[in-house]
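Hi,

Here is the structure I promised to pass on. Have a look at it first, and then read my notes below.

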Amino acid sequence: MLKTLELLRKRRSIRQFTPEPLTSAQMECLQEIALRSPSSRALTPWHFVFVTDTDTLHALGQAKAHGCAFLQQCALAVVLCADPQRSDVWIEDCSLAATLLHLGATDMGLGSCWVQIRERQHDEKTDSETYVRSVLKIPAQMRVHAIIGIGNPAEEKHGHTADTLPAERIHLDQFDPQRLLPTS
Ligand SMILES: Cc1cc2nc3c(=O)[nH]c(=O)nc-3n(C[C@H](O)[C@H](O)[C@H](O)COP(=O)(O)O)c2cc1C
């Protein structure tokens, strides 16, 4: 069996965590995973802020109204940001690094979940990027892409079974318009 497929069959987003901190070996592995992420033209536009401080995790858990409070229980939040002056495809580069962190955490027996920051609002006046920039003192020219919350899992989720995969999204040789879902 392919190792990648074996891992993907187990992969889920985990949002409940035990209070156990990560070991320094786990932290080092995750840092290496981030730095081994490929980037367009090898420009490496990303920076990764590894946050373990409880107060800072608490503040990050308020980056937006929904879908990020679980960061307050994570042992680690990896905040991905990038300099758009360095690469016009910084979003793709950050997305790939975020995916590798999520998969790497799964492979290490940890739970993790993506928190979308770009294009999201902290409140009516402040967008989530501006909020996270101020919490972490990220320079103004940097864009904040996403946060990957990581920790020891306190919930068990089964991988998606093969029959639930959206097989109609696969097209052979040509795009089959009959496979388009009706738009609501
Ligand atoms: C681009 C992207 C943004 C996401 N943003 C959030 C988020 O802000 N908060 C959250 O709890 N989950 C977020 N998720 C996780 C998805 O909700 C999750 O992947 C989806 O529900 C499928 O569940 P699964 O990952 O367990 O298969 C995001 C996932 C992706 C790929």
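What volume does the largest pocket have? The largest pocket comes out at about 240 Å³. A word on terms: on a 1 Å grid over the protein atoms alone, a pocket is an open set of points where a 1.4 Å probe fits, with protein on both sides within 12 Å along at least five of seven lines, and lining residues have an atom within 4 Å of a point. Grid points are joined across faces, edges and corners, and the volume is the space filled by probe spheres set on the points. Rolling a probe the size of a water molecule over the atoms shows where empty space is left.

Before you go further, two notes on the source. This is a predicted model, where local features need pLDDT of at least 70 and side-chain atom pairs count only at pLDDT 80 or more, while totals for chains, interfaces and linings use all residues. Residues are numbered from 1 along each chain as its sequence is written, and side-chain values use heavy atoms, with hydrogens and water left out.

**Pockets**

Back to the largest pocket: 13 residues line it, and Lys-10, Ile-14, Thr-106, Leu-110 and Lys-157 are the ones nearest its centre. Sorted by class, that lining has three nonpolar, four polar and six charged residues. Here Ala, Val, Leu, Ile, Met, Phe, Trp, Tyr, Cys and Pro count as nonpolar, Asp, Glu, Lys and Arg as charged, and the others, Gly among them, as polar.

The second largest pocket holds about 200 Å³ of space. Its lining is made of Leu-5, Leu-8, Arg-9, Arg-11, His-160, Ala-162 and Leu-165. That gives four nonpolar, one polar and two charged residues.

**The ligand**

Which residues are around the ligand? They are Arg-11, Arg-12, Ser-13, Arg-15, Lys-64, Gly-67, Phe-70, Cys-113, Trp-114, Val-115, Gln-116 and His-160, where being near means having a heavy atom within 4 Å of the molecule. This shell splits into four nonpolar, four polar and four charged residues.

For Arg-15, it is 2.7 Å. A polar side-chain atom of His-160 is 2.6 Å from a ligand oxygen. On its own the ligand exposes 620 Å², and the protein buries 61% of that; these areas come from the Shrake-Rupley method with a 1.4 Å probe, and for residues only the protein chains shown count as cover.

You'll find His-160 in the segment after strand S4 (143-151); helices (H or I, at least four residues) and strands (E, at least two) are DSSP runs, numbered from the N terminus. His-160 is partly exposed because its relative accessibility is 44%; buried means under 20% relative accessible area, exposed over 50%, and partly exposed in between (1.4 Å probe, protein chains only). Although His-160 and Arg-9 are 151 residues apart along the chain, their C-alpha atoms are separated by 6.8 Å.

Ser-39 sits in the loop between helix H2 (24-35) and strand S1 (46-51). Why does Ser-39 count as buried? Because its relative accessibility is 16%. A polar atom of the Ser-39 side chain is 3.3 Å from the backbone nitrogen of Leu-43.

Arg-133 belongs to helix H5 (residues 128-136) and is buried, since its relative accessible area is 16%. Its side chain reaches the backbone oxygen of Met-142 at 2.8 Å.

**Positive phi values**

Most residues other than glycine have a negative phi. Ala-42, however, has a positive phi near 50°. Ala-42 lies in the loop between H2 and S1 and counts as exposed because its relative accessibility is 61%. Lys-137 has a positive phi too, of about 60°. Lys-137 is in the loop between H5 and S4, and it is exposed, with a relative accessible area of 72%.

Enjoy exploring!

Note on methods:
A polar contact is a pair of N or O atoms within 3.5 Å; within protein, one must be able to donate a hydrogen and the other to accept it, and residues adjacent in sequence count only if both atoms are side-chain atoms.
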